[in-house]
Amino acid sequence: MAINLEKGQKISLDKEAGVTLSKIIMGLAWDAVKSKGFLGFGGSAPDIDLDASCILFDEQNHPIDAVWFRQLKSKDGSVMHTGDNRTGEGDGDDEQIVVDLTRVPVNVKSLVFTVNSFTGQNFSQIANATCRILNANDNKEVARFNLSALGSHNAQIMAKLYRHNNEWKMHAIGEIGNGRTFDELMPQITPHL
């Protein structure tokens, strides 16, 4: 049974999964809020392009690589983005980032996952936004974090994966921000490292 995370909560991925995880999937899903049409008929939903990104940090909290829609694979091959969804249409995850935990270089201390509205809409126009961690070996959900905080922000620092005593842990950050890409969020990410 997957755990529903609260903002600021920290968990051990292996303990929650009940097995030692070797590969995980960070899934991001969202829908556009539908506008009401005339007399409640003919409502529409705009295309909203949310982008999931993963930034890899070293022991000194310096970014050493990033995976996002402009670079779908980390230089070392341990982190891979499955592709950019520009509308949020469809069921299930709209974007996924796959992390092979066994291949993450030892100099990587943490991986921070962010979501940005590239098209600039804010989260008051976004519904059902969630991120979740799956065990990639059996596609079972380990943890889920609700990102649907209404407001004028157009980005969020979703979560951080980090090494602690030879174990991967997850911190649900849930910090709101503004920026069309992850690099615009870097000053807001730094305090969470």
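Which residue forms a salt bridge with R132, and how far apart are the closest N and O atoms? I will come back to that pair after the overview.

First, the basis. This is a predicted model, in which local features need pLDDT of at least 70 and side-chain atom pairs count only at pLDDT 80 or more, while totals for chains, interfaces and linings use all residues. Residues are numbered from 1 along each chain as its sequence is written, and side-chain values use heavy atoms, with hydrogens and water left out.

Now the overall layout. The protein has 2 helices and 12 strands. Here helices are DSSP runs of H or I with at least four residues, strands are runs of E with at least two, and both are numbered from the N terminus. Along the sequence the order is β-β-α-β-β-β-β-β-β-β-β-β-β-α. The protein has 193 residues, and 51% of them count as buried. Buried means under 20% relative accessible area, exposed means over 50%, and partly exposed is in between, with a 1.4 Å probe and protein chains only. The accessible surface comes to about 9400 Å², and 49% of that belongs to carbon and sulfur atoms; the areas come from the Shrake-Rupley method with a 1.4 Å probe, and for residues only the protein chains shown count as cover. Among contacts with a separation of 6 or more, 66% are between residues 24 or more positions apart. A contact means heavy atoms within 4.5 Å.

I55 is in strand 4, residues 50-58, and counts as buried at 1% relative accessibility. Beyond its neighbours within four places in sequence, I55 is in contact with a list of residues including P63, D65, L111, F182 and I189.

Leaving out residues up to four places away, I157 touches V112, T114, E175, L185 and I189, among others. The C-alpha atoms of I157 and E175 are separated by 5.1 Å, and the two residues are 18 apart along the chain.

On to the aromatic rings. The whole structure contains 3 aromatic pairs. Rings of Phe, Tyr and Trp (its six-membered ring) pair if their centres lie within 6.5 Å; planes under 30 degrees apart count as stacked, over 60 as edge-to-face, and the rest as tilted. The pair of W68 and F69 is edge-to-face, because the ring centres are 5.1 Å apart and the planes are at 65 degrees. Both W68 and F69 are buried. F69 also pairs with F118, again edge-to-face, at 5.1 Å centre to centre and 75 degrees between the planes. That pair links distant parts of the chain, 49 residues apart: F69 is in the loop between strand 5 (63-67) and strand 6 (79-81), and F118 is in the loop between strand 8 (108-117) and strand 9 (126-135). W68, F69, F118 and F182 form one aromatic cluster.

Two rings have a charge over the face. That term applies if NZ of Lys or CZ of Arg is within 6 Å of the ring centre and within 35 degrees of the ring normal. R180 lies over the face of F118, 4.3 Å from the ring centre. K160 lies over the face of Y162, at 5.0 Å from the ring centre.

Finally, the salt bridges. There are 4 in the structure, each defined as a side-chain nitrogen of Lys or Arg within 4 Å of a carboxyl oxygen of Asp or Glu. E175, which I157 touches, meets K7 in a salt bridge at 3.9 Å, N to O. E175 lies in strand 12 (residues 167-177) and K7 in the loop between strand 1 (3-5) and strand 2 (10-12), so the pair ties together parts 168 residues apart in sequence. E175 is partly exposed at 27%, and K7 is exposed at 54%.

D65, a contact of I55, forms a salt bridge with K75, with the closest N and O atoms 3.7 Å apart. D65 is buried at 8% relative accessible area, whereas K75 is exposed at 69%.

Back to the opening pair. R132 forms its salt bridge with E141, and the closest N and O atoms are 2.9 Å apart. R132 is buried at 19%, and E141 is partly exposed at 24%. R132, E141 and R144 are linked in a network of salt bridges.
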